[in-house]
Amino acid sequence: MKVWSVRIAIFLSVFLAVGCGPYSFSASGKLAFKSINVVSFENQTIEYELTDRLYDAVIETFIQDNTVQVLDATSAEAVMTGNLTSYRRDPYNYDAQDAVSQYAVKVTFHVKVVKAASEDVIWEEDFYAEGIYDANSESETEEGQQRVIDKITADILDKTTKSW
(Lines give C-alpha, C1' and ligand atoms only; values in the text may rest on other atoms or scores of the structure.)
Protein backbone atom coordinates (compact mmCIF):
# COMPACT_ATOMS: atom_id res chain seq x y z
CA MET A 1 0.00 0.00 0.00
CA LYS A 2 2.83 2.38 0.82
CA VAL A 3 4.52 1.78 -2.55
CA TRP A 4 1.40 2.88 -4.45
CA SER A 5 1.12 6.13 -2.51
CA VAL A 6 4.78 6.95 -3.18
CA ARG A 7 4.32 6.19 -6.91
CA ILE A 8 1.18 8.32 -7.08
CA ALA A 9 2.92 11.20 -5.30
CA ILE A 10 5.88 11.03 -7.70
CA PHE A 11 3.58 10.83 -10.73
CA LEU A 12 1.51 13.82 -9.59
CA SER A 13 4.63 15.87 -8.84
CA VAL A 14 6.09 15.19 -12.28
CA PHE A 15 2.74 15.76 -14.00
CA LEU A 16 2.19 19.11 -12.30
CA ALA A 17 5.75 20.29 -12.88
CA VAL A 18 5.73 19.42 -16.58
CA GLY A 19 2.10 20.30 -17.36
CA CYS A 20 1.89 23.69 -15.67
CA GLY A 21 5.40 25.05 -15.91
CA PRO A 22 5.70 26.81 -19.26
CA TYR A 23 2.20 28.27 -19.58
CA SER A 24 1.82 32.04 -19.61
CA PHE A 25 -1.02 34.55 -20.07
CA SER A 26 1.22 37.10 -21.78
CA ALA A 27 1.25 37.71 -25.51
CA SER A 28 3.71 35.58 -27.38
CA GLY A 29 5.35 35.53 -30.73
CA LYS A 30 7.72 37.79 -32.55
CA LEU A 31 6.55 41.05 -34.11
CA ALA A 32 6.48 41.20 -37.89
CA PHE A 33 8.24 44.59 -37.69
CA LYS A 34 9.97 46.86 -35.19
CA SER A 35 9.24 50.24 -36.76
CA ILE A 36 6.21 51.85 -38.35
CA ASN A 37 5.30 54.97 -40.27
CA VAL A 38 1.78 56.25 -39.63
CA VAL A 39 0.35 58.10 -42.63
CA SER A 40 -2.19 60.89 -42.04
CA PHE A 41 -5.62 59.32 -41.78
CA GLU A 42 -8.34 59.76 -44.39
CA ASN A 43 -11.91 60.68 -43.59
CA GLN A 44 -15.20 59.78 -45.27
CA THR A 45 -17.31 61.62 -42.68
CA ILE A 46 -18.10 65.20 -41.75
CA GLU A 47 -16.12 64.98 -38.47
CA TYR A 48 -12.79 66.23 -39.82
CA GLU A 49 -11.15 67.09 -36.52
CA LEU A 50 -11.63 63.54 -35.23
CA THR A 51 -9.19 62.03 -37.73
CA ASP A 52 -6.48 64.49 -36.69
CA ARG A 53 -7.06 63.69 -33.02
CA LEU A 54 -7.09 59.97 -33.75
CA TYR A 55 -3.87 60.22 -35.78
CA ASP A 56 -2.09 62.07 -32.96
CA ALA A 57 -3.41 59.58 -30.37
CA VAL A 58 -2.23 56.53 -32.34
CA ILE A 59 1.28 57.94 -32.69
CA GLU A 60 1.37 58.92 -29.00
CA THR A 61 0.17 55.45 -28.01
CA PHE A 62 2.95 53.78 -30.01
CA ILE A 63 5.54 56.13 -28.50
CA GLN A 64 4.33 55.51 -24.95
CA ASP A 65 4.16 51.73 -25.43
CA ASN A 66 7.65 51.68 -26.99
CA THR A 67 7.21 48.21 -28.53
CA VAL A 68 7.25 49.58 -32.08
CA GLN A 69 9.22 52.68 -33.06
CA VAL A 70 7.45 55.42 -35.02
CA LEU A 71 9.76 56.48 -37.86
CA ASP A 72 9.58 58.44 -41.10
CA ALA A 73 8.53 56.77 -44.35
CA THR A 74 12.09 56.17 -45.58
CA SER A 75 13.19 54.30 -42.43
CA ALA A 76 10.15 52.34 -41.24
CA GLU A 77 9.65 48.62 -41.85
CA ALA A 78 5.85 48.96 -41.96
CA VAL A 79 3.33 51.60 -42.97
CA MET A 80 -0.07 52.17 -41.33
CA THR A 81 -2.94 53.87 -43.12
CA GLY A 82 -6.35 54.60 -41.67
CA ASN A 83 -9.74 55.78 -42.86
CA LEU A 84 -12.64 57.01 -40.74
CA THR A 85 -15.50 55.32 -42.61
CA SER A 86 -18.49 56.13 -40.41
CA TYR A 87 -19.48 58.52 -37.63
CA ARG A 88 -22.82 58.75 -35.86
CA ARG A 89 -24.23 60.25 -32.71
CA ASP A 90 -27.29 58.41 -31.49
CA PRO A 91 -29.46 58.69 -28.39
CA TYR A 92 -28.34 56.02 -25.95
CA ASN A 93 -30.50 56.45 -22.86
CA TYR A 94 -33.61 58.42 -21.88
CA ASP A 95 -34.75 59.86 -18.55
CA ALA A 96 -38.24 59.57 -16.99
CA GLN A 97 -39.52 62.49 -19.12
CA ASP A 98 -38.36 60.79 -22.34
CA ALA A 99 -35.57 63.32 -22.83
CA VAL A 100 -32.19 62.00 -23.99
CA SER A 101 -29.93 61.60 -20.97
CA GLN A 102 -27.01 59.95 -22.76
CA TYR A 103 -25.69 59.90 -26.31
CA ALA A 104 -23.36 57.44 -28.00
CA VAL A 105 -20.73 58.46 -30.53
CA LYS A 106 -20.38 55.47 -32.89
CA VAL A 107 -17.34 55.22 -35.12
CA THR A 108 -15.95 52.72 -37.63
CA PHE A 109 -12.30 53.09 -38.50
CA HIS A 110 -10.50 51.03 -41.16
CA VAL A 111 -6.79 50.36 -40.59
CA LYS A 112 -4.27 48.67 -42.83
CA VAL A 113 -0.62 47.86 -42.07
CA VAL A 114 1.69 46.85 -44.91
CA LYS A 115 5.37 46.03 -45.26
CA ALA A 116 7.14 49.16 -46.42
CA ALA A 117 9.37 47.45 -48.97
CA SER A 118 6.87 45.13 -50.65
CA GLU A 119 3.47 46.58 -49.66
CA ASP A 120 2.36 43.08 -48.60
CA VAL A 121 -0.51 43.35 -46.14
CA ILE A 122 0.52 42.47 -42.58
CA TRP A 123 -2.96 43.02 -41.20
CA GLU A 124 -6.12 44.91 -42.09
CA GLU A 125 -9.20 45.44 -39.95
CA ASP A 126 -12.27 47.58 -39.29
CA PHE A 127 -12.46 48.84 -35.70
CA TYR A 128 -15.76 49.85 -34.14
CA ALA A 129 -16.07 51.88 -30.95
CA GLU A 130 -18.75 53.70 -29.00
CA GLY A 131 -18.21 56.64 -26.69
CA ILE A 132 -21.15 57.16 -24.36
CA TYR A 133 -21.46 60.53 -22.69
CA ASP A 134 -23.93 62.32 -20.44
CA ALA A 135 -26.12 64.75 -22.39
CA ASN A 136 -26.35 67.22 -19.49
CA SER A 137 -22.81 67.37 -18.14
CA GLU A 138 -20.46 66.18 -20.92
CA SER A 139 -19.81 67.07 -24.55
CA GLU A 140 -19.72 65.07 -27.74
CA THR A 141 -16.24 66.22 -28.73
CA GLU A 142 -14.52 66.16 -25.35
CA GLU A 143 -15.87 63.06 -23.65
CA GLY A 144 -17.76 61.12 -26.35
CA GLN A 145 -15.10 61.31 -29.04
CA GLN A 146 -12.26 60.93 -26.54
CA ARG A 147 -13.72 57.63 -25.31
CA VAL A 148 -13.87 56.44 -28.93
CA ILE A 149 -10.27 57.52 -29.52
CA ASP A 150 -9.08 55.74 -26.36
CA LYS A 151 -10.82 52.49 -27.37
CA ILE A 152 -9.65 52.50 -30.98
CA THR A 153 -6.04 53.37 -30.14
CA ALA A 154 -5.92 50.57 -27.54
CA ASP A 155 -7.34 48.11 -30.10
CA ILE A 156 -4.85 49.21 -32.77
CA LEU A 157 -1.94 48.87 -30.35
CA ASP A 158 -3.07 45.39 -29.31
CA LYS A 159 -3.56 44.27 -32.92
CA THR A 160 -0.13 45.62 -33.87
CA THR A 161 1.97 44.42 -30.93
CA LYS A 162 0.24 41.33 -29.56
CA SER A 163 -0.03 37.97 -31.26
CA TRP A 164 -2.45 35.92 -29.21
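At what angle do helix α2 and helix α3 pack, and how far apart are their axes? In this predicted model, helix α2 (residues 48–65) packs against helix α3 (residues 140–161) at an angle of about 45 degrees, and the axes are 9 Å apart. That angle makes α2 oblique to α3. The crossing of the two helices is right-handed.

| Helix | Residues in the α2 and α3 contact |
|---|---|
| α2 | L50, R53, L54, A57, V58, T61, F62, D65 |
| α3 | T141, E142, Q145, Q146, I149, I152, T153, I156, L157, T160, T161 |

By residue type, the contact of α2 with α3 comprises 9 nonpolar, 7 polar and 3 charged residues.

The largest nonpolar core has 30 residues. Those with the most contacts inside this core are I36, F62, M80, I152 and I156. Two or more residues of the core come from each of β1 (35–38), α2, β4 (78–94), β5 (100–115), β6 (121–134) and α3. Beyond its neighbours within four places in sequence, M80 is in contact with I36, N37, V38, V39, V58, F62, V111, K112, V113, W123, I156 and T160.

S101 lies in strand β5. Is S101 buried or exposed? S101 has a relative accessible area of 15%, and residues under 20% count as buried, so S101 is buried. Leaving out residues up to four places away in sequence, S101 touches N93, Y94, D95, Y133, D134 and A135. S101 and Y133 are 32 residues apart in sequence, with a C-alpha to C-alpha separation of 8.7 Å.

Note on methods:
Residues numbered from 1 in each chain as written. Predicted model: local features only at pLDDT ≥ 70, side-chain atom pairs only at ≥ 80, totals over all residues. Heavy atoms only, no water. Axes fitted to C-alpha atoms, helices over the stretch in contact; angles between N-to-C directions. Helix = DSSP H or I, 4+ residues; strand = E, 2+ residues; numbered from the N terminus. Parallel < 35°, antiparallel > 145°, perpendicular 65-115°, else oblique. Left-handed = near helix turned anticlockwise from the far one by under 90°. Contact = heavy atoms within 4.5 Å. Nonpolar A, V, L, I, M, F, W, Y, C, P; charged D, E, K, R; others polar. Core = buried A, V, L, I, M, F, W, Y, C linked by side-chain atoms within 4.5 Å. Buried < 20%, exposed > 50% of the residue type's maximum accessible area, 1.4 Å probe, protein only.
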